[in-house]
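Let me put the thing on the screen and then talk you through it.

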Amino acid sequence: MYCTRTLIRKFTLERLKCSNRSLSHGTGVWPHLQVAEENGVRHITLADPKTRNALSLQMLEELQAAVTLKDPSLQCIILGAQGKVFSAGHNLKELTLKEGRSYHEKVFDACTNLMLTLQNIPVPVVAKVNGVAAAAGCQLVASCDIVIATQGSSFSTPGGNVGIFCSTPGIPLVRCVPRKVSAHMLLTGLPITAEEALRAGLVSKVVPENELEAETQKAVDAITQKSTPVIALGKKFMYKQMEMGIKEAYREGGCVMVNNINMNDGQEGISSFIEKRKPNWSHSDE
């Protein structure tokens, strides 16, 4: 039964991917990514190490398509990368005058769309970082919900070094880390270590390289053992209340909690606690 469900889900994903014509050229359905899904977890891997996993327009469009593939059983997304560079940021070869201003606008529109999507999709996105995350690559990390990084990873916004200040990478960065840290990163371009990123709040956990997979799986398991609509409700309000004043946040937060309690899974959670048993989630929005 388990194998059959897994095969059906993989077939559904393949059919969805093949139906997206914009991604059906090049070396395959995902020319710059590896995408797989199993047991409610979608693994998306940046797979263009020759360009240091640069966020070209095509890479951005593939990422957008990969994170928004519809699957009602999806509970979590893991975002990783091949090689020792998570992502070096935008592909500067696409940002010359030869491509033209309208093309540059397409690149940054696609990037903005992806970063906002990562926040707005209902399932948590866990970044698994082993290496360098620079410029828009750092932006990508900062836009994920949870970040597990290896001790040897580093994070930087060095755009000023090549005459292009990291204005858009700085948007999620300044919302993750204190002002003095973000100003130091943006104005100097100097990298910070994984431990410094942890202290600043840019990453969630730092582990030795040989523990990265296990620690990522630990976080994902903790997510997938919970009710999917409850996590979706929580993620949505978590970001929404960050833009509110404290009184407004409490007013709306109370309403959200009342709605949560009256959901099927809210009541199931309470019943399972009282009855000292594991909850049996319906994963229903009702």
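Ground rules before we start. This is a predicted model, where local features need pLDDT of at least 70 and side-chain atom pairs count only at pLDDT 80 or more, while totals for chains, interfaces and linings use all residues. Residues are numbered from 1 along each chain as its sequence is written, and side-chain values use heavy atoms, with hydrogens and water left out.

So, the big picture. The protein chain has 11 helices and 10 strands; those are DSSP runs, H or I of at least four residues for helices and E of at least two for strands, numbered from the N terminus. The C-alpha trace spans about 65 × 45 × 40 Å along its principal axes. The radius of gyration is 20 Å, which agrees with the value near 19 Å that a compact globule of 286 residues would have. That radius is over C-alpha atoms, and the globule rule is 2.2 Å times the number of residues to the power 0.38.

On contacts, meaning heavy atoms within 4.5 Å: of those with a separation of 6 or more, 66% are between residues 24 or more positions apart. And 45% of the 286 residues count as buried, where buried is under 20% relative accessible area, exposed is over 50%, and partly exposed is in between, with a 1.4 Å probe and protein chains only.

Now the inside. In soluble globular proteins, nonpolar side chains tend to be buried together. I'm calling a nonpolar core a set of buried Ala, Val, Leu, Ile, Met, Phe, Trp, Tyr and Cys residues joined through side-chain atoms within 4.5 Å. The largest one here has 53 residues, and Leu33, Leu63, Leu140, Phe155 and Leu202 touch the most other members. Helix 2, residues 57-67, gives the most to this core, with seven residues. Apart from it there's another core of nine residues, including Cys76 and Val220. Back to Leu140: leaving aside neighbours within four places in sequence, its contacts include Leu46, Phe86 and Met115.

How much of helix 2 is buried? Nine of its 11 residues are, so helix 2 is largely enclosed by the rest of the structure.

Arg52 is partly exposed at 45% relative accessible area, whereas Asn53 is buried at 0%. Not counting residues up to four places away in sequence, Asn53 touches Met59, Gln82 and Phe86, among others. Asn53 and Asn91 sit 38 residues apart in sequence and 8.9 Å apart in space, C-alpha to C-alpha.

Last one: Lys235, in helix 9, residues 228-242. Is Lys235 buried or exposed? Buried, with a relative accessible area of 6%. With residues up to four places away in sequence left out, Lys235 touches Asp145, plus others including Leu118, Pro122 and Val125.

That's my tour.
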